[in-house]
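Hello,

Here is the structure for you to look over. Please open it before reading the notes that follow.

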Amino acid sequence: MALDIMGNRGVPIEKQEFDWRDLARAPYSKLDDDAFTRVRVILMNGIESEALRFGHACARMNKELQLPLARIRRIEQHQQTLVNWLNPPDQSPLDTTIGFEQVAIEVTAAVAQQEPDPYLAQVYRFGLLEDFDHMQRFSALMDRVEGKDPNALLQNYTDIRPGRPTVIEHRAPEDDLRNPYDRRTAHPLTRLNALVIMAGEHQTHDYYMTIGPMFADPLARQLYAEIASIEEQHVTQYESIIDPTETWLEKWLLHEACEVYMYHSCMEQETNPRLKEIWARFLDYELGQLHFVRELFQRIEGRDPAQILPATLPDPVPFKSQRDFVRKVLAAEVDLRARGTQFVPKEQDSPASIAYRNRLNSAGSPSEAVAAGYRWAPGTELAPGSPNLQTIEEDVHEQAK
Amino acid sequence: MSRPSDLGVNRTGAGLSPIDAGRTAQGAQDGASGSPDLGLADELRRPYLEEGRVLGSMAPPTTLKGAAGAAMKRLQGESLGFFLDLLGARLAFERTGVRLYEGLLRKAKFDGAKLPLDRLAHIHDEELRHAHLVHKAIVDLGGDPTVLTPNADVSAVLGMGIAKVIQDPRATVAQSLDAILVAERADAGCWDVLVEAARSMGQDDLASSFAEALANEERHVVEIDTFYRELIYAQLGARPQKVH
């Protein structure tokens with residue numbers, strides 16, 4: 001159902017209040033809640049994290065906006081806490097990592113299909129196959145080092161198989177920048193899509209940077225270092241598709257519109273009634289914040305917000321398995337590489353990126369090492385009938401000699 | 001290479017800087033206000049306990065297969081579900097245990113094989129056999145062995161510290177044995193419960209095979225404990241090192 005964002009003013013910011021009990025609510029269940037509930041919580045934490053990041057960057061460059069930014073940011077920060085604290089403590093950092101990659105795969109795949117600009121749709125598909133491969137690597141880590149089954153978190157929605165190999169995802173910086181949309185002509189959905197995916201990737205990078213050193217296994221530490229490096233590449237890529245000539249207030253307005261869009265998408269599809277209420281409440285908060293920023297935009301820039309925002313939002317981002325689409329993209333595009341702003345067959349890979357990646361991989365590749373020969377099987381590689389079981393037993397006895 | 005108990009530069013003790021430690025203690029004393037009210041913290045925690053939430057629930061058994069089906073008809077609803085929950089925890093524990101032994105073996109081999117590596121490999125194989133035993137039991141009871149049960153979830157949380165010690169290259173073989181001994185003792189205790197649970201439900205065949213697994217686990221405890229003590233006594237200089 002389309003949401004009228006111009007007519008619906010939500011809750012005024014003066015009434016957007018919290019207390020500590022409110023912020024630290026009972027989390028969702030790792031076992032009983034749908035995997036897409038976890039996906040929504042992780043994603044919205046990323047959206048709020050981006051709100052703060054943008055809000056601080058804007059404040060550093062715009063003295064006259066510092067107070068309104070601080071007011072909105074305070075609310076966003078508390079929203080972020082409430083959302084992020086819905087993650088349960090029995091969900092380990094590696095469990096949550098699997099959740100992060102599921103967000104990246106399923107949401108990027110959904111966005112790629114709804115993106116009106118063909119070049120940008122290709123950008124999303126390119127990144128998608130890389131996050132898809134990260135899932136394979138982290139799954140191998142979970143299975144081989146911890147003896148746990150990543151599908152318990154993925155709930156059969158997402159494939160676990162190689163994508164574009166992480167080992168060749170490392171690129172020179174000049175091969176991570178893409179062409180931006182034009183702010184004068186871009187479809188509203190194009191602008192929203194870019195903000196969602198950029199936010200998701202930036203949060204993923206920051207999360208891996210935080211938890212990487214918490215692992216004791218050197219292979220895990222190296223793997224997180226490697227994949228965090230790729231996530232920084234992805235942030236660079238997605239940041240570059242946004243028109244840098246948008247004004248600060250234009251960007252702020254788009255951020256609020258994106259937050260409205262995403263809370264609406266979450267609310268429409270949430271299966272946990274408790275969380276559905278939270279999404280509905282925060283949708284109203286974001287509408288209130290959107291109107292606050294609209295008024296600033298009109299007053300300071302003297303422009304009509306309708307130039308930037310659609311009257312009604314696009315259809316919600318679908319939160320569902322995109323397995324068939326991902327497999328099609330995998331079959332057709334896994335061998336693409338990036339050269340400058342363009343995507344090329346692997347034979348035309350950038351010499352600068354080849355040199356860069358050879359240097360990075362010169363002491364070995366954790367993503368290759370962790371997942372060498374890994375094939376996901378239900379109940380892990382150790383389950384009866386698993387194709388790798390005999391090899392594992394032979395390796396162990398070889399070690400014991 | 002230094003050993004962890006060599007006298008070195010551990011800076012964590014207050015005794016290292018008695019003057020500064022004294023000043024810190026005095027400062028804390030000067031700054032303290034009010035008498036302790038542990039009730040405040042409990043009051044804050046109470047509503048969360050009152051909510052009465054659980055980690056999660058069990059998936060219903062999908063089928064009652066073969067000969068086990070008829071025998072299992074006595075087990076209905078909650079008791080079958082709870083038994084499957086316990087089996088799920090055992091399966092998760094054994095699977096993780098297999099990976100723990102792989103980690104220990106790697107470390108012990110690098111350490112110059114003061115431990116009998118073939119014994120560690122043998123224990124590894126037994127843990128794997130136990131995992132398959134439980135896997136079969138779950139399937140025969142109509143359960144799904146890929147379900148992460150509530151008690152398996154608890155088992156995973158409990159095991160995280162053990163795994164972290166074994167995976168850390170800075171933790172010695174002795175420290176890693178200490179960690180795996182915690183796992184083995186817990187494992188033996190849980191198998192004991194499973195034997196009794198199976199018998200109490202009239203599942204004598206299952207109880208017998210669980211009793212064999214329990215006997216294996218009890219041997220694991222003795223073996224690992226022996227390996228561990230040998231290394232500890234060697235460091236204490238209490239008696240000459242002896243390896244089985």
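In which helix of chain A do A:Asp133 and A:Arg137 lie, and how many residues apart? Both lie in helix H5 of chain A, four residues apart, about one turn of the helix. The rule for a salt bridge is a side-chain nitrogen of Lys or Arg within 4 Å of a carboxyl oxygen of Asp or Glu. Over all chains, the structure holds 43 salt bridges.

Some notes on the source. This is a predicted model, in which local features need pLDDT of at least 70 and side-chain atom pairs count only at pLDDT 80 or more, while totals for chains, interfaces and linings use all residues. Residues are numbered from 1 along each chain as its sequence is written, chains are lettered from A and ligands numbered from 1 in the order in which they are written, and side-chain values use heavy atoms, with hydrogens and water left out.

Now the interface. In chain A, 40 residues are in contact with 35 residues of chain B (contact means heavy atoms within 4.5 Å). The two chains bury about 3,200 Å² between them, 59% of it on carbon and sulfur atoms. Buried area here is the accessible area, taken with a 1.4 Å probe, that two parts lose on being put together, summed over both. Of the area that chain A buries against chain B, 18% comes from A:Leu31, A:Leu382 and A:Gln399, more than from any other three residues.

Four salt bridges are found across this interface. A:Glu381 and B:Arg99 meet through their side chains in a salt bridge at 3.1 Å, N to O. On the side of chain A that touches chain B, the elements giving two or more residues are helix H5 (118-146) and helix H14 (389-399) of chain A. H14(A) gives the most, with seven residues.

Within chain B, the axes of helix H5 (residues 117-140) and helix H7 (residues 173-200) come within 14 Å and cross at roughly 35 degrees. Axes are lines fitted to C-alpha atoms, for helices over the stretch in contact, and angles run from 0 to 180 degrees between N-to-C directions. The contact is made by B:Ile123, B:Glu127, B:His130, B:Leu133 and B:Val134 of H5(B) and by B:Glu184, B:Asp187 and B:Trp191 of H7(B).

Regards
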